[in-house]
Amino acid sequence: MTDQTKFLLPEDKLPKAWYNLAADLPVALPPPLHPGTGQPIGPDDLAPIFPMAVIAQEVSTERWIDIPEPVRDVYRLWRPSPLIRARRLEKALGTPARIYFKYEGVSPAGSHKPNTSVPQAFYNQQEGVKRLSTETGAGQWGSSLAFAGSLFGLEVEVFMVRISYNQKPYRRALMETYGATCIPSPSPLTAAGRAVLAKDPDSNGSLGIAISEAVEIAASRDDTKYALGSVLNHVCLHQTVIGEEALAQMEMAGATPDVVIACTGGGSNFAGLAFPYIREKLKGMNVRVVAVEPTSCPTLTKGRYAYDFGDTGHLTPLVKMHTLGSTFMPPGTHSGGLRYHGMAPMVSHVAELGLIEATAYPQTECFAAALAFARAEGIVPAPESSHAVKAAIVEAEAAKAEGKARTILFNLSGHGHFDMQSYTDYLAGKLKDPDYDQVALDRALAELPAVG
Ligand SMILES: Cc1ncc(COP(=O)(O)O)c(C=O)c1O
């Protein structure tokens, strides 16, 4: 063991292909269904909203999918991202554990999201699309698509969940700096938004509502396609550059993780780090894989595994996933990117197969962990990423209690530089741990679509 802290891959070790876990799943993923017919959907059903290259990736079972050279060229602006050993945090915790984190906050937008916004913008541009519509929770995805749109000459329209729009004005400024338009959701611009506003004019909004608005715009305009920042297979696929790099970097560090950890909103940064490790686990690697979510929106830990809509307005196909019900409104916490009722079908599937574990923590415990991390390592985590930090610290403390070393790898999916209001609120003792409304959850689950 050396005292090396950063494990950096040269640019020529940037992965040449994304890894598709669908090729190695012991049981095939249940297909998405058409909500009208209950039958599996085909490419034509998705063609109004996605470009063909993306649809092909969505259903592919090829193990490796080449990353186009123009996409790798943009990736080179910040990738390969660093793997860092959190030596100072280990010391502060007095743990025998070795803690490594993959840092995705080095991207221009500050998170893992450009790993997929760049290829999505590229494929749309290749197919002649001029405009993209999308949703964003905390604003990380919206600014990532705005960034990618600016590189590939696409207009970008972002529906931003209203509570985050109010909490994070500089995310909107960042989107506008990249040339995009940012609209608070629910908005009066769409039927889906108007329906929510009619019932609740002060609605905080949710990712489910913002998705409905963005899909409605794409479905109703010939010049516009929709881009999704998480959940779907192609998004998880694009994120696997994280795990492929991490495997090589952990080898440089001479370490194999006992546990791999990431936070889960729609599941994409988790998939990005975890899926290459699940491949290795299926081949015999002894590794636990842990997904971390907020107790206020406990999709994997309390949700039902069922077919459901991806959005609140019921414009999307039905996908089989852990869900709190598409009408469930999570309380307004500071981790906007984790306030989603569903989970990536592929992440849900591997949870059902027992290949991963899931755990949940309240936001104040995550902020406490984020502070400990920032004070030891210097990086201020995004509130979403602080859930992974919390789980990593829990593992490190368990190692200390057992008096045994263990190697922990977690994904620090983004920095929190645009989320400082949440840190201000936390430091002022104003942050609460709002519980979800059990009656509302039961009602949302009771409204799950019947699938024969
Ligand atoms: C920094 C960060 N981490 C995690 C997430 C959660 O999304 P996902 O589960 O798709 O990685 C988000 C979503 O906005 C985010 O901004």
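Author: Start with a rule: two strands pair if DSSP finds at least two bridges between them. Keep in mind that this model is predicted.

Take β1 and β4 (residues 83-85). These strands pair in the antiparallel sense over two bridges. Phenylalanine 7 stands opposite leucine 83 in β4. Both strands belong to an open sheet of seven, ordered β1-β4-β5-β15-β10-β11-β14. The pairing in that sheet is mixed. At its edges stand β1 (6-7) and β14 (357-361). Each has a single partner strand, so one side of each is left without a neighbour in the sheet.

Now the four-stranded sheet. This sheet is open too, with the order β8-β7-β6-β9. Its pairing is parallel. The edge strands are β8 (181-185) and β9 (224-226), which each pair on one side only. Direction ignored, neighbouring strands here are turned by 25° against each other on average.

Look at one pair in this sheet. Strand β6 (residues 131-136) and β9 run parallel, joined by three bridges. Arginine 131 has threonine 224 in β9 as its bridge partner.

A helix covers part of the sheet. α6 lies across β6, β7 (155-161) and β8. Its direction is at about 175° to β7.

Domain 1 is 6-13 + 79-110 + 239-446, and domain 2 is 17-66 + 111-233. Their centres, taken over C-alpha atoms, are separated by 21 Å. In the contact between them, 57 residues of domain 1 meet 49 residues of domain 2.

Consider the side of domain 1 that touches domain 2. At least two residues each come from α12 (241-252), α13, β13 (318-323) and α15 (345-352). The largest share is again that of α13, with eight residues. This side has 22 nonpolar, 27 polar and eight charged residues.

The axes of α9 (residues 191-199) and α10 (residues 207-220) come within 7 Å. They cross at roughly 145°. From α9, the contact takes in Ala191, Ala192, Gly193 and Val196. From α10, it takes in Ile209, Ser212, Glu213 and Glu216. Sorted by class, this contact has four nonpolar, two polar and two charged residues.

Last, the whole chain. The secondary structure comes to 19 helices and 15 strands. The C-alpha atoms fill a box of roughly 60 × 50 × 45 Å along the principal axes. With 452 residues, a compact globule would have a radius of gyration near 22 Å. The protein chain has 20 Å, which agrees.

Note on methods: Residues are numbered from 1 along each chain as its sequence is written. This is a predicted model: local features need pLDDT of at least 70, side-chain atom pairs count only at pLDDT 80 or more; totals for chains, interfaces and linings use all residues. Axes are lines fitted to C-alpha atoms, for helices over the stretch in contact, and angles run from 0 to 180 degrees between N-to-C directions. Two residues are in contact if their C-beta atoms, placed from the backbone, lie within 7 Å. Ala, Val, Leu, Ile, Met, Phe, Trp, Tyr, Cys and Pro count as nonpolar, Asp, Glu, Lys and Arg as charged, and the others, Gly among them, as polar. Domain bounds come from an automatic or database domain assignment. The radius of gyration is taken over C-alpha atoms; the globule rule is 2.2 Å times the number of residues to the power 0.38.
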